[in-house]
Amino acid sequence: MFDNLSNRLTSSLDHIRGRAKLTEDNIKDVLREVRMALLEADVALPVVKDFIAAVKERAIGTEVSKSLSPGQVFLKIVKQELENVMGKANDELNLRVAGPAVILLAGLQGAGKTTSAAKLAKYLKEREKKSVSVVSADVYRPAAIKQLETLAGEVGVDFIPSDLSQKPIDIVNGAIDYAKKAHRDVLIVDTAGRLSIDEDMMAEIKALHAAVNPIETLFVVDAMTGQDAANTAKAFGDVLPLTGVILTKTDGDARGGAALSVRHITGKPIKFLGVGEKTDALEPFHPDRLASRILGMGDMLSLIEEAEQKIDKEKAEKLAVKLKKGKGFDLEDFKEQLQQMKSMGGMSSMLDKLPGMGQLGNIQDKVNDKMFVQMESLINSMTPAERHNPDVINGSRKKRISAGAGLQIQDLNRLLKQHKQMQKMMKKFSSKGGMQKMMRGLGGMMPGGGLPGGGFPKR
Ligand SMILES: Nc1nc2c(ncn2[C@@H]2O[C@H](COP(=O)(O)OP(=O)(O)OP(=O)(O)O)[C@@H](O)[C@H]2O)c(=O)[nH]1
Ligand SMILES: [Mg+2]
């Protein structure tokens, strides 16, 4: 989402890096560029104005540092002010209530409420070990209830049935009774989409809110609407006491204006980002990490958290034991590693979070996820003996394997080279251990990370 903004900001900040001193004069041009970059990213004007004023005030003369260069000081100020605009730290959901903690979702049509209800249910079930029920109070769109039922089944949480003939208030009161009796920790209430100018519908959700008194009332909004996201959030917030925002569709080509405007315009924190259509595509919103990402410093923390969540620990341990016993890391293990990376959203989603990736431009295109598919199909086209001991792969075997995968011999050579590198890395990894090494190793797999021959070419 932040690619353009990130590129613009990092290149304008480059201009100030070498300066000996920050003065009103020499930061004027940079500030103008930063301002343009923010406006182009569709950040709301009042936010841009306040942001620029804050950076300017802090930058001029005030902060002299012995250890940082003026450029670094400036960068630090920009980063801190970006965090300030977005809300400093992650605002967690407040679920500390007796009985089911009710979470009410509201928003415009198609914003992603129903999808977010399922994502949130999965998130709370898996990461916070909560027992979760979901219910739909959308009695206007015929397929809406069924949609939530299907998604609830997919993520394995309890779906409380409702019916088009019922009143939303009755549905939700019934659901609360049920969730109480069933000792659920959380009840997520999906509602119909509505416009803030539709008085009847706004009165309905206001009454619903008053009747059920949810601990969290989240406004779900599409990031593609840019600064309008902040404006509609404000309009809803005038009617409903919102406790936070879920910003959806940040995986699209949204420019970032929504993420940077919502907090400042509404005073409400963004609590989650929707990052894809699948039910696991929900991330807690961390302003500090996002600020780093925007400024091209990467977001290693999120990456490591994600790795911890998604890497199959059992398989990883088995591999570690195997390596400790002195057995080699063979191509079968390599294939398993590729599958694990795929389950982490693939290389492009990982690359997004690595430092400096923004400036490298279209690296994602080069290291696209097809690379995994190609590597896997090459390994699949080998015999078990070849996978176990790649050294037996001679010229004629190479021909057979690459033809079997529909690829060139040079593709296979590249895979074998990469495997050798991984093997070396795995040896180091297994002797001392540690996630950080593993992550560094992953970095080594990428072009520019020292891999001879680079990645697979784009096809
Ligand atoms: N790419 C992407 N698509 C999303 C995301 N969240 C939701 N969608 C898609 O947006 C569309 C609408 O999502 P819904 O969850 O049905 O939206 P809603 O707010 O419940 O819609 P109504 O009930 O009609 O008001 C669906 O096609 C979703 O797959 C996201 O974070 N990323
Ligand atoms: Mg819906």
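**Exercise 1.** Find which atoms pair up with oxygen atoms of ligand 1 at Gly-193, Gly-110 and Thr-115.

*Solution.* Start with Gly-193: a polar backbone atom there is 3.5 Å from an oxygen atom of ligand 1. That counts as a polar contact, a pair of N or O atoms within 3.5 Å. Next, a backbone N or O atom of Gly-110 sits 3.0 Å from an oxygen atom of the ligand. Finally, Thr-115 uses a polar side-chain atom, 2.4 Å from an oxygen atom of ligand 1.

A note before you go on: this is a predicted model, where local features need pLDDT of at least 70, side-chain atom pairs need 80 or more, and totals for chains, interfaces and linings use all residues. Side-chain values use heavy atoms, without hydrogens and water, residues are numbered from 1 along each chain as its sequence is written, and chains are lettered from A and ligands numbered from 1 in the order written.

**Exercise 2.** Describe the shell around ligand 1.

*Solution.* First, count: 20 residues surround the ligand (a heavy atom within 4 Å), and the closest are Gly-112, Lys-113, Thr-114, Thr-115 and Asp-251. Then sort by class: three are nonpolar (Ala, Val, Leu, Ile, Met, Phe, Trp, Tyr, Cys, Pro), seven charged (Asp, Glu, Lys, Arg) and ten polar (the others, Gly among them).

Definitions and conventions. Polar contact = N/O pair within 3.5 Å; in protein donor to acceptor, adjacent residues only side chain to side chain.
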